[in-house]
Structures are given as C-alpha cells and as structure tokens.
Amino acid sequence: MSEVTRSLLQRWGASFRRGADFDSWGQLVEAIDEYQILARHLQKEAQAQHNNSEFTEEQKKTIGKIATCLELRSAALQSTQSQEEFKLEDLKKLEPILKNILTYNKEFPFDVQPVPLRRILAPGEEEHLEFEEDEEEGGAGAGSPDSFPARVPGAAIFFEFKHYKPKKRFTSTKCFAFMEMDEIKAGPIVIELYKKPTDFKRKKLQLLTKKPLYLHLHQTLHKE
C-alpha cells in the first residue's frame, strides 16, 4: 500500500466516524453534510480511470456501494417517515469494510448498486453546474417539479421532471435522470440528475448541480 492510499483510507475513515458520531448524537444536519461529502469522494474514486487509481475494479465497485449506502442513510435522516429505511446500525457495518477495502473479499452486506459509472465533468466545467433559475418567480412554475413521467427509449428508462410555467402556459422539463437496464432490480437505488434538455443518446451529460443531489428510488418487481 502506498503512502498516498494509506492517507486516503485514513481520511475516509475519519470522515465516516465523524458522520456516524454526529448521527448518534442527534446532530442530523452535520451528519447529513458529512455523509454527503464522503459519498461524493467515494463516488469520484469509484469512477476513476484504472491508471489513476490503486484500487481494482471490484474494490471500486464496493467503494461505490458504500457511497450509495451513505446517500441512503442521508435520505433516511431527511425523511418524514417514522420508520427509517436505512439505519445507523446498518451503516456502521460498513466501517470495517471501508477500512480494509484492499483485502475485503466477502459479499457486500446490502443489496445496493453503486451510482452508475458515467462521465464526470472536469473541475473547470463543474464549477458552472448550479441550479438553473426559472424566468418567473413564484406561482406553480417555481420550486419542485410537478411530475416526472418515465420513458423507455432503447436500453434505458428515463425520468423527466416537469413543472408548469403559468406565464407561458406550458409544461417545461426541469431536469432528467435515467436507469440502465442492468440497474433494474428490487430494492433501493440512487441515480444522478442531469440538466435539460433530455439527452436520450447519453452523449453529453451534465450534472444538474455540483451539490450531492440525487433521485432516490425503491424498486419493486412483479412477476406476471
């Protein structure tokens, strides 16, 4: 293990423990922030090219799954439901896995998938990925999207988040997300949100924001 990797694992471990400590103390805002920051770092490592990373592809997949679990715990803390879907006790099971990522070779304890390995913009581009403001303020057209119809063009399922613009009297797409076919499986999934217009060819994807904002879904599969 190189000194760089050793230092990286130590920083990840310290961040994980800070988030879990905040969580156990009831400091939910601080816990959410710490979880989301660490999740973003792990996702970037999971998406790193082979020659830029000391981790194997299998290790990067496990790192990506840990990032998904951090996002799920963060979402559970923000949920208004009394029953949390992903508990702190569950999350704590991942600390030794992250600490020993270089030697871990067991099955991952939770049925989750890493955020899809898609194109990440260069740092210079990423700085401009803030929320896009609507032309009008207030009214039905501002705030959260009114609906998100799903489409299936070819080999992916797309979700378009739409909202109504009263002054122009039409419905506009706010942002979109998509799932690859191999991501269709029972259980929770976290997918990225992208800037409009909807890019069905998935060639020029731009994240909606540089902040850790995702679409959280729970899939239930029914057999006919």
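User: Is Phe-86 buried or exposed?
Analyst: This is a predicted model, and its computed relative accessibility for Phe-86 is 7%. A residue counts as buried under 20%. Phe-86 is therefore classed as buried.

User: Which kind of aromatic pair do Phe-86 and Phe-110 form?
Analyst: Phe-86 lies in the loop between α3 and α4, and Phe-110 in the loop between α5 and α6, 24 residues apart. Their ring centres are 5.1 Å apart, with 65° between the planes. Planes over 60 degrees apart count as edge-to-face. The pair of Phe-86 and Phe-110 is edge-to-face.

User: How far apart are the end C-alpha atoms of helix α3?
Analyst: Helix α3 covers residues 57–78, which makes 22 residues. At 1.5 Å a residue, α3 should span 32 Å. The computed distance agrees with that expectation: 32 Å.

User: Is Trp-25 buried or exposed?
Analyst: Trp-25 lies in helix α1, as does Phe-22, 3 residues apart. The relative accessibility of Trp-25 is 57%, and exposed means over 50%. Trp-25 therefore counts as exposed.

User: Which residue lies over the face of Phe-178?
Analyst: Phe-178 belongs to one aromatic cluster with Phe-158, Phe-176 and Tyr-194. At 5.6 Å from the ring centre of Phe-178, the residue over its face is Arg-202.

Technical notes
Residues numbered from 1 in each chain as written. Predicted model: local features only at pLDDT ≥ 70, side-chain atom pairs only at ≥ 80, totals over all residues. Heavy atoms only, no water. Helix = DSSP H or I, 4+ residues; strand = E, 2+ residues; numbered from the N terminus. Expected span 1.5 Å × (residues − 1). Buried < 20%, exposed > 50% of the residue type's maximum accessible area, 1.4 Å probe, protein only. Phe/Tyr/Trp six-rings, centres within 6.5 Å; stacked < 30°, edge-to-face > 60°. Lys NZ or Arg CZ within 6 Å of the ring centre and 35° of its normal.
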